[in-house]
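Please look over the model below with me. My notes cover salt bridges and pockets.

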Amino acid sequence: MREYRVLSPTAILGYGFPEESFRAGLEREPDLIAVDAGSTDPGPYYLGAGVSFTDRTAVKRDLELMIEAGLERNIPVVIGTAGGCGAEAHLQWNKEIIIELAREKGWQFSLGIIHAELSKELVLQALQEKKISPLHPAPQLTEEEITAAARIVAQMGPEPVMSVLEKGARVVLAGRSYDPAVFSASALLEGYDKGLAIHMGKILECGAIAASPGSGSDCLLGTLREDSFLVEPLNPIRRCTPTSVAAHTLYEKTNPYILPGPGGVLDLRETTFTQETERAVRVTGSKFLPSETYVVKLEGAKPVGYRTVSIAGCRDPIMISQIDHIVEAVRDRVKDNFKRYGYRYFLHFNIYGKNGVMGKLEPKQSIDSHELGIIIEAVAETQDIANTICSFARSTMLHYGYPGRVATAGNLAFPYSPSDFKAGAVYNFNIYHLMEIDDPLMLFPAEIIPVGEEK
């Protein structure tokens, strides 16, 4: 039976993996080593600022093991959404690490680089041509939002990765990528079914999270066949079950049966999950349905101000019982104190022990905690204004005289000195839209460069 084996070492490049699990995966003679390096989960700052949310040393460690194994076994290594967000700054950051490793290790290989950052002019033209539509709940895109964006990326499908692999790249470094693309591209070149290949990539993209117990810092092996695929963890403490694999299939999806992606949708209405061995699950019936128009997702982030944060704790039951009143009183005092200056700012109090995690969605209204964690956050158009608002809110809450107050030395306990942290620039996602394109390669220029051949 023809098989194509893909080794996914970790959920995100830099999250790490046990070397024992990785070696066990290599013993299974994989045809590809692939990893997704990014996510929008950490928020818009990393895209807007052009920095990675994973640590450089951790990323270098993972890449060293992966690329070395790929070169030794003459199998491709594919990295998607370089640097966490896949814009040009992230791509170059990740490229520098690879070139540094090649120099240190004496490697020589061809590196395929696929770009995914778009110019504002290109996006503006697509908007004028009515080729951009919003992804719910995003509003209609405007020229002002495009112009305001610090960076805009498009999410590539498997076709750009297939293109550079066909041209002989041994290692592929891709910008913003549809998660399953980097795991499925080489198998699609070998003629495997697209629905099964994309679905297997969907399971592999988070490493061993699809196993039980799940972990994003461990390895998962996918074995693609003509009529099905198997997924299996490489660590003996984990096993895949139909429930764990099916649950991950539904991860981050609003529709349990139709999963959209570049160029079409994954149809799971006839998919089955079967326990093949004690630790492996077999999946059948997944289909890819191409759409009439090829669309890709756009992501953009714009700067909205600067943030200052103060962290404090409260253990006075009288204050805790009045916390909502105290927060509003502090807000009013801040507003009154600076009204003559016309400052534009956002002031937020996150109360842990009350509704700090769920906010207005918290169903439990009463406070049972004997202590509260309080995070005071100010965002303003300049760092100085944010500093001012946060500092005044913090000092006002520290000394606020609420009814029944016993102590007068201060209402808050601060775990750190200084008490206020200047967090710097703040970004919001302002582009989360679909863009129609005529060719899956048109937004993603690629190049292949020799690495390690300089004297």
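1. Asp 336 is partly exposed, at 41% relative accessibility. Here buried means under 20% relative accessible area, exposed over 50%, and partly exposed in between (1.4 Å probe, protein chains only). Its salt-bridge partner is Lys 339, with the closest N and O atoms 3.2 Å apart. Lys 339 counts as exposed, at 61%. A salt bridge puts a side-chain nitrogen of Lys or Arg within 4 Å of a carboxyl oxygen of Asp or Glu.

2. This is a predicted model: local features need pLDDT of at least 70, side-chain atom pairs count only at pLDDT 80 or more, and totals for chains, interfaces and linings use all residues. Residues are numbered from 1 along each chain as its sequence is written, and side-chain values use heavy atoms, leaving out hydrogens and water.

3. The structure holds 30 salt bridges. One of them joins Asp 324 and Lys 354, at 3.3 Å between the closest N and O atoms. Asp 324 is partly exposed at 48%. Lys 354 is buried at 18%.

4. A pocket is an open set of points on a 1 Å grid over the protein atoms alone, where a 1.4 Å probe fits, with protein on both sides within 12 Å along at least five of seven lines; lining residues have an atom within 4 Å of a point.

5. The largest pocket has 37 lining residues. Gln 155, Glu 252, Lys 253, Lys 297 and Tyr 432 lie nearest its centre.
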